[in-house]
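User: Could you walk me through this model step by step? I am new to reading structures.

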Amino acid sequence: MTDSTPHWYDDEAGPMVRLYAMTAGRARPSSEAFDLMAVVQAEDPPGEFPVLSPEQRSILVLCGERPRPVADIASDSGLPLGVVRVLLSDLLAEGLLRVNRPVPPAQLPDAHILREVIDGLRAL
């Protein structure tokens with residue numbers, strides 16, 4: 001008895017689907033929200049659940065377990081970072097994700113000010 005289902009994966013070679021096929025030929029995400037440390041969490045779909053690729057579904061499962069940085073999603077999914085960013089931007093456009101971007105270093109308090117606050121607290 002032979003299995004007539006197509007084999008999209010070869011144990012030795014890896015996935016047979018080209019990366020550009022997963023992203024519909026796009027190399028850049030449509031949103032700039034996905035730097036390496038942006039934290040992504042799955043949301044409940046606002047309406048009817050859209051049709052998703054297997055890769056998008058696996059990313060949603062990863063993000064549904066707990067909030068994860070983009071770098072961890074790429075590592076845990078086994079997909080290249082560029083592909084993950086494109087897939088994440090598609091999921092964000094569908095309303096299936098929430099993204100919390102890290103505070104830019106320019107908006108963090110100055111180390112000198114923090115040192116003065118600590119010294120002032122110690123003086124109390």
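Predicted model: local features only at pLDDT ≥ 70, side-chain atom pairs only at ≥ 80, totals over all residues.

Analyst: Residues are numbered from 1 along each chain as its sequence is written, and side-chain values use heavy atoms, with hydrogens and water left out.

User: How are helix α2 and helix α4 oriented to each other?

Analyst: Helices (H or I, at least four residues) and strands (E, at least two) are DSSP runs, numbered from the N terminus. Helix α2 spans residues 54-65 and helix α4 residues 81-93, with axes 10 Å apart at an angle of about 80 degrees. Axes are lines fitted to C-alpha atoms, for helices over the stretch in contact, and angles run from 0 to 180 degrees between N-to-C directions. Angles under 35 degrees count as roughly parallel, over 145 as roughly antiparallel, 65 to 115 as roughly perpendicular and the rest as oblique, so α2 and α4 are roughly perpendicular.

User: Which residues of α4 make the contact with α2?

Analyst: Contact means heavy atoms within 4.5 Å. From α2, the contact involves Glu55, Gln56, Ile59 and Leu60. Their partners in α4 are Val84, Leu87, Leu88, Asp90 and Leu91.

User: Is Leu88 buried or exposed?

Analyst: Leu88 lies in helix α4 and touches Phe34, Val40, Ile59, Val70, Ile73 and Leu97, not counting residues up to four places away in sequence. Buried means under 20% relative accessible area, exposed over 50%, partly exposed in between (1.4 Å probe, protein chains only). At 0% relative accessibility, Leu88 is therefore buried.

User: Which strands stand at the edges of the sheet?

Analyst: Two strands pair if DSSP finds at least two bridges between them. Here 3 strands form an open, antiparallel sheet in the order β4-β3-β5. Strand β3 (residues 39-42) pairs with β5 over 4 bridges. Each edge strand has a single partner, so one side of each is left without a neighbour in the sheet; they are β4 (68-69) and β5 (97-100).
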